[in-house]
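Please consult the sequence and the model shown below.

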Amino acid sequence: MSLNITDVEKVARLARLAMTPQEMQAAQVQLSNIFGLIAEMQAVDTSGIAPMSHSQELSQRLREDVVTETNQREAFQSIAPQVEDGLYLVPQVIE
Amino acid sequence: MQWEIVIGLEVHTQLSTNTKIFSGASTAFGAEPNTQADAVSIALPGVLPVLNKGAVERAIKFGLATGAHISKRSVFARKNYFYPDLPKGYQISQFDLPVVGQGALTIQVEPLVGNAQPYEKTVRITRAHLEEDAGKSVHGNSQGVTGIDLNRAGTPLLEIVSEPDMSSAAEAVAYAKTLHSLVRWIGICDGNMQEGSFRCDVNVSVRKPGEPLGTRREIKNLNSFKFMHQAIDYEVQWQIDTIENGGKIQQATVLFNPETGETRSMRSKEDAHDYRYFPDPDLLPLEISTEWIDQVRQTIPELPQAKINRYVNELGLSTYDASILTASVETAVFFETVLTAVPTDPKVGANWIIGEVNAQLNRDGLEMSQCPISAHQLGGMLKRISDGTISNSGAKEVFRTLWSEGGDADAIIAAKGLKQVSDVAAIESLVADIISANAEKVAEYRSGKDKLFGFFVGLAMKASKGKANPAQLNDILKKKLDG
């Protein structure tokens, strides 16, 4: 399977990446190569093997439900581009 | 033309943990903006999520309470979308391996139209999965900007998805109310709808009987049962009108406007639903042992449906009364406490709670948890009804006093002289007086004017200052008049 340029445009838009036509073309080749790799993997006979959702055969360690974090708003907001009344400001979003 | 309505619900319940689902930041409501937004909540680069045991425990509890399969192994996935209140650019959720599998919820439906009888229905629950909440956008502070408060970001949610098993607004509301009561009952969610702890998305479609499912529209973020009812009614009518006028339903997300009573399509971008789910590499699979499930099972109280069955089978109440008494955990506890005062007469307790107590709570706009009369106070009064100390009308007066002034039934009965006369001799002499003083009327009665009986009851009651035991009075009066 290979991607056409429309697919690349869509993926770029979903990822909010601004790309030039040249970059799109380069990405089309790279992404198609990745699909090639996936196709190769999918050709392997995996019947009888349980699917994995993670590369390590481990399970999640859990955290006790106890507050451990303190208020560090001032430190975090010192690197934010714009704040007001404790809020982070972003360009207006209309619902 | 007959139309069939098909409704399914997705309910987001905010779990009552102390901390967020993937970090140790507090989830307390109402804090100053961003003071509970830690490095994980604001998605600083390099941070890693660590799952909260309390959130998983609550999910297990819900699964057990709905007879669902608890997955021994479940997986967290990334749901990708761009919005400023989601600083990572993805929400951690669950996709193909949720923690809770298929379950069911039995509901009591009270139809709101005509004289239809209440009935029972079982709604299948498709799944319930754990996920994190997003932050909050604050509009209108300054021109051209939106404020972001990330205190809510990372708050644990259990999203409960039903099958499209409901076929009217009444059923959808009954399901939502039953679910709301259940999550509070088992203590996994505070159920505060104003604060957004219980938010409902309703999928609605219509079809002709026997035809395949119609295209659905999703009404988002309903946070009141009243609005849910109005929104579904409006939406159903809109879809029927659209189709009957030759139109087609487009799949869409709509919002309900409580001011106009209308649902309206949100502007949606074409890629809005391209979430590109994939397993979150930051989180290993969640494993839940049988021992853990058994431990959680021990903490589940007797559930509403089990109580309903017990009230019906052991106490002889109707299913309808039993369902009202189990509408909330507070009401059930109240009823069972009252029952300890009058264990032989469950019906009197049920009647007073469903009747006077509920009516008075409604009138005063109070919840059961704010009831000014305690179950012990009401129980004390009911004891005096069942041992014949006071009549029903005397009880109503005691009840009013308990409600407005508090105190204790026995003291009120003594202070107001409400003790009814159950002394046969006293009533007999009173009746004898009346008969001799009203010879003419007695003659009329004896010649067949039965209606006059009420007149004598009235006189006797008045003579006893309302204190005569009504049943005894009736008996004695009848005997003397007929004799």
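## Exposure of Val424(B)

Val424(B) belongs to helix α12 (residues 424–437) of chain B. Helices (H or I, at least four residues) and strands (E, at least two) are DSSP runs, numbered from the N terminus. Between Val424(B) and Gln472(B) there are 48 residues in sequence, but the C-alpha to C-alpha distance in space is 7.6 Å.

## Basis of the model

The model is predicted: local features need pLDDT of at least 70 and side-chain atom pairs count only at pLDDT 80 or more, while totals for chains, interfaces and linings use all residues. Residues are numbered from 1 along each chain as its sequence is written, and chains are lettered from A and ligands numbered from 1 in the order in which they are written.

## Domains of chain B

Chain B is divided into domain 1 (4–292), domain 2 (302–416) and domain 3 (424–482), with bounds that come from an automatic or database domain assignment. The centres of domain 2 and domain 3 of chain B, taken over C-alpha atoms, are separated by 33 Å.

## Packing of α10(B) and α11(B)

Helix α10 (residues 392–405) and helix α11 (residues 409–416) of chain B pack at an angle of about 115°, and their axes are 10 Å apart. Axes are lines fitted to C-alpha atoms, for helices over the stretch in contact, and angles run from 0 to 180 degrees between N-to-C directions. From α10(B), the contact involves Glu397(B), Val398(B), Thr401(B) and Leu402(B); from α11(B), it involves Ala409(B), Ile412(B), Ile413(B) and Lys416(B). Two residues are in contact if their C-beta atoms, placed from the backbone, lie within 7 Å.

By class, the residues of this contact are five nonpolar, one polar and two charged. Ala, Val, Leu, Ile, Met, Phe, Trp, Tyr, Cys and Pro count as nonpolar, Asp, Glu, Lys and Arg as charged, and the others, Gly among them, as polar.

## The eight-stranded sheet of chain B

Strand β1 (residues 4–14) of chain B is joined to strand β10 (residues 198–207) of chain B by 10 bridges, and the two run antiparallel. In β10(B), Arg207(B) is the bridge partner of Glu4(B), and Ser205(B) stands opposite Val6(B). β10(B) also pairs in the antiparallel sense with strand β11 (residues 217–222) of chain B, over four bridges; there Asn203(B) stands opposite Glu218(B).

## The three-stranded sheet of chain B

Three strands of chain B form an open sheet in the order β4-β3-β14, with antiparallel pairing. Its edge strands are β4 (90–94) and β14 (278–279), each of which pairs on one side only. Five bridges join strand β3 (residues 76–80) of chain B to β4(B), where Tyr90(B) is the bridge partner of Asn80(B).

The loop between β13 (262–265) and β14 of chain B contains Arg276(B). Phi of Arg276(B) is near 45°, a positive value in a residue other than glycine. Most residues other than glycine have a negative phi. Arg276(B) is partly exposed because 14 other C-beta atoms lie within 10 Å.

## Contact between the chains

The contact takes 42 residues from chain B and 31 residues from chain A. On the side of chain B that touches chain A, the elements that give two or more residues are α1 (53–65), β7 (136–138), β8 (145–149) and β15 (286–287), and the largest share, five residues, comes from β8(B). This side of chain B divides into 18 nonpolar, 16 polar and eight charged residues.

Strand β2 (residues 87–91) of chain A pairs with β8(B) in the antiparallel sense over four bridges. Within this pairing, Val90(A) stands opposite Thr146(B).

Notes. Two strands pair if DSSP finds at least two bridges between them. A residue is buried if 20 or more other C-beta atoms lie within 10 Å of its own, exposed if 12 or fewer, and partly exposed in between; C-beta atoms are placed from the backbone.
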